[in-house]
Amino acid sequence: MRLFLYGVLLGDIAQGAARRLADKIDDGFPAVATGRLYVVEDAEGPFPAFVPDPAAGPVRGMVHEVEPQVMATIDIFERAGEDYDRRSIQVSAPGGPAIPAGAYCWRGPVEGLERIEHGDFARWLDESGRRPYGG
């Protein structure tokens, strides 16, 4: 299954348990989804919350092909059904058509959360000097 990742499971920033999961998936390719990206603060580090919204801006990430057994483990890590729902969304690769991919979409309220206006969690980490949640 195709999976759009935009946060702590990105290979360049993944740490701890997130790193171990990221090591089980392919290198993927850059892609963009349309929506809003927020920062959720956790004692172990911040993580992003993606809210699909066709009227919002780009959210940058990577699309990966993920094996079913690895997807089940990622669902547990992402707390699918609790904090996030894994849903099919449209993503676009640079210069390519829109394609469907699964994405973890935030279920909770966004009031009071910092919005990442430029839609790039890795860039936000770099700009803020923060280390991401590692699981």
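What share of the contacts in the chain with a separation of 6 or more comes from residues 24 or more positions apart? The share is 69%. A contact here means heavy atoms within 4.5 Å.

A word on the source. This is a predicted model, where local features need pLDDT of at least 70, side-chain atom pairs count only at pLDDT 80 or more, and totals for chains, interfaces and linings use all residues. Residues are numbered from 1 along each chain as its sequence is written, and side-chain values use heavy atoms, with hydrogens and water left out.

Now the layout. The chain has three helices and seven strands. Their order along the sequence is β-α-β-β-β-α-β-β-β-α. Helices (H or I, at least four residues) and strands (E, at least two) are DSSP runs, numbered from the N terminus.

Next, the overall dimensions. The C-alpha trace spans about 35 × 35 × 30 Å along its principal axes. The radius of gyration is 14 Å, which agrees with the value near 14 Å for a compact globule of 135 residues. That radius is taken over C-alpha atoms, and the globule rule is 2.2 Å times the number of residues to the power 0.38.

On to burial. Of the 135 residues, 45% count as buried. Buried means under 20% relative accessible area, exposed means over 50%, and partly exposed is in between (1.4 Å probe, protein chains only).

Let's look at helix 2. This helix covers residues 68–77. Its buried residues are V70, M71, I74, D75 and F77. Seen down the helix axis, they fall within an arc of 160°, so they line one face of helix 2. The arc is that of the directions from the helix axis to the C-beta atoms. What sits over those buried residues? The cover includes strand 1 (2–5), helix 1 (16–22), strand 5 (84–92) and strand 6 (98–106). On the other side of helix 2, P68, Q69 and I76 are exposed. Just after this helix comes R79, with a positive phi of about 55°.

One more stop: K24. Where does K24 lie? K24 is in the loop between helix 1 and strand 2 (29–40). Is K24 buried or exposed? Its relative accessible area is 55%, so K24 is exposed. R36 is twelve residues from K24 along the chain, and their C-alpha atoms are separated by 27 Å.

To recap helix 2: V70 and F77 are among its buried residues, while Q69 is one of the exposed residues on the other side.
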